[in-house]
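Here is a briefing on one protein model. Look through the sequence and the fold, then read the points below.

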Amino acid sequence: MTKFTEWHFVGTNGVSMNPSRTSCVILCGGKGSRAYPLTIEKQKAMITVYERPILQYIIDYWSAFVSHFIFVVKYKKEEIIQYVSSLSIHASFAEPDELRGIANGLLCVEKLVRDQFIVVLGDCLCKGSFQLPPTFETGVGVYETNCPDDIRRSYSVEISEGKIFRVVEKPKLLPNNLCGMGYYFLDRSVFDYIIKTSPSSLRNEVEITDVLQNMIDDGKILSAFPFTGEYLNVTFPDDYKRALEIFKDKKVCGRS
């Protein structure tokens, strides 16, 4: 299997982008039905972990990389708008006409993002560091896992010399132990590919992985950015227990 140590990748751990030129799009509009009963009365991004919403952990982490946040909202949007509006961050909000996946959600921010931007799923938490290049490159976050179900729940990534040549949404056959993360480093060219990508047979919506594969097939370079640390996509109620374990050192509650 491919190992991080085999990757030919030049970069440093920590922040290596220019925050003033980079936006962060946080997708937090879904109903989170698989997380019931946690999401019956709350938007999933607003579920609290040690009295702080998941969304706050996301903002805290990605604030080191960007200076502008764009929140894609829909389900229970008032809760998120009210919370974010009370924070000392540069924030914008966008709402799609309907909920049809990541790619569709991105279309509604086309006029708001800068030339380069990071897309973060609003139910993905991490505690650790990325290996990033000195200047912005398009790509996705990737981590090595010993749990095959992590990949089956997300997407597989195949790489050669640090560059991605294949991504597969919720794969049945696993090519290696590399799991794609809910973190996408993109530029404005992605919007043209979203429009040109057909809905998948999997969910009858345009899959972001299909969009990425079309970009790769068209000759666009997508880098794999290794992540070291703890990562969690909060999908089911049991994932909440793991979130509590990951952030158990967070003794100071409240907003930053």
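Helices (H or I, at least four residues) and strands (E, at least two) are DSSP runs, numbered from the N terminus. Asn176 sits in the loop between E11 and E12. The model is predicted: local features need pLDDT of at least 70, side-chain atom pairs count only at pLDDT 80 or more, and totals for chains, interfaces and linings use all residues. Residues are numbered from 1 along each chain as its sequence is written, and side-chain values use heavy atoms, without hydrogens and water.

**Loop residue**
- Asn176 is buried, at 5% relative accessible area (buried means under 20%, exposed over 50%, partly exposed in between; 1.4 Å probe, protein chains only).
- A polar atom of the Asn176 side chain lies 2.9 Å from the backbone nitrogen of Leu178.

**Strand E10**
- Five of the six residues of E10 are buried, so the rest of the structure largely encloses this strand.
- E10 pairs with E11 in the antiparallel sense over six bridges (pairing requires at least two DSSP bridges).
- Ser156 stands opposite Val168 in E11.
- Two residues separate E10 and E11 in a hairpin, and Glu161 in the turn has a positive phi of about 55°.
- E10 also pairs with E12, antiparallel over two bridges, with Tyr155 opposite Gly180 in E12.

**Helix H6**
- H6 spans residues 208–217, and seven of its 10 residues are buried.
- The buried residues include Ile208, Val211 and Leu212.
- Their cover includes strands E10, E11 and E12 (contact means heavy atoms within 4.5 Å).
- Gly219 follows H6 and has a positive phi, near 95°.

Definitions and conventions. Polar contact = N/O pair within 3.5 Å; in protein donor to acceptor, adjacent residues only side chain to side chain.
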